[in-house]
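User: I am new to reading protein models. Can we go through this one in short questions and answers?

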Amino acid sequence: MREGLAAGVIAAGLLLAGCSSGATPTDQPDAPNRAAPPKSLSTSDPCALLTEDQRKTLSLDQEPKPTGQNGKQGCEYGSGTPGGPGWSAFAAVDGTTTYQQFAEANRGAQQLDIAGYPTAKVNDTTGCTLVVDAADTGTLRVSALVRPGAPIEVGGSCDAATKVVQEALKTLPPA
């Protein structure tokens, strides 16, 4: 009888240990609440995030250039003369970093919503970066910098980045 009781206690202990992860659901960080459908981040051309018409609407009059920024491959869009009045934006799809990872790595990031997509915003002296929860396994990343003398309708760097995000979300196909 003792052996049966001891075996039952051991089995119960193993069962409890196997079911417990050490963290309750309330200890886990909340996942972003995306109200819009996920987008496909598959693209062979990093400069296809904005169409020619979208670039014209945004007054991005320079030829887009594939480039990298912070280890991410994307596209540089520009307006005005390099180094002179105008603004520029870098846009990329990032299948390696989620919105949550970016927000956790940038604790000062402001969280907002753009067109139903949770977005983390970091605004500093190098411009404004928006990382958008556009897909389950990746993000849309846009960095913008408005230089002195840019047209007033562009607004600040975060206004410019938001406009690029809104247009790129229209271009990305559904997942």
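User: In which loop does Ser59 lie?

Analyst: This is a predicted model, where local features need pLDDT of at least 70, side-chain atom pairs count only at pLDDT 80 or more, and totals for chains, interfaces and linings use all residues. Residues are numbered from 1 along each chain as its sequence is written, and side-chain values use heavy atoms, with hydrogens and water left out. Helices (H or I, at least four residues) and strands (E, at least two) are DSSP runs, numbered from the N terminus. Ser59 sits in the loop between helix H2 (52–57) and strand S1 (65–69).

User: What is the phi of Ser59?

Analyst: Most residues other than glycine have a negative phi. Ser59 is not a glycine, yet its phi is positive, at about 60°.

User: Is Asn70 buried or exposed?

Analyst: Asn70 is in the loop between S1 and strand S2 (72–80). Its phi is also positive, near 50°. Buried means under 20% relative accessible area, exposed over 50%, and partly exposed in between (1.4 Å probe, protein chains only). Asn70 has a relative accessible area of 67%, so it is exposed.

User: Which strand gives the most to the lining of the largest pocket?

Analyst: On a 1 Å grid over the protein atoms alone, a pocket is an open set of points where a 1.4 Å probe fits, with protein on both sides within 12 Å along at least five of seven lines; lining residues have an atom within 4 Å of a point. The largest pocket holds about 250 Å³ of space, a volume being the space filled by probe spheres set on the points, which are joined across faces, edges and corners. Of its 18 lining residues, the closest to the centre are Gln69, Asn70, Thr126, Thr129 and Ser143. The top contributor, with four residues, is S7.

User: How many disulfides does a search of the whole structure find?

Analyst: A disulfide is a covalent bond between the sulfur atoms of two cysteines. Here, a pair of cysteine sulfur atoms within 2.5 Å counts as one. One joins Cys47 to Cys75, and another joins Cys128 to Cys158. The search finds two.

User: How many residues apart in sequence are the parts tied together by Cys47 and Cys75?

Analyst: Their S to S distance is 2.0 Å. With 95° about the S-S bond, the link is right-handed. Cys47 lies in the loop between helix H1 (2–19) and H2, and Cys75 in strand S2, so the pair ties together parts whose separation in sequence is 28 residues.

User: Is Cys158 buried or exposed?

Analyst: Cys158 is in helix H4 (residues 157–171), and its partner Cys128 is in strand S6, 30 residues apart. Cys128 has a relative accessible area of 1%, so it is buried. Cys158 is at 11% relative accessibility, so it counts as buried.
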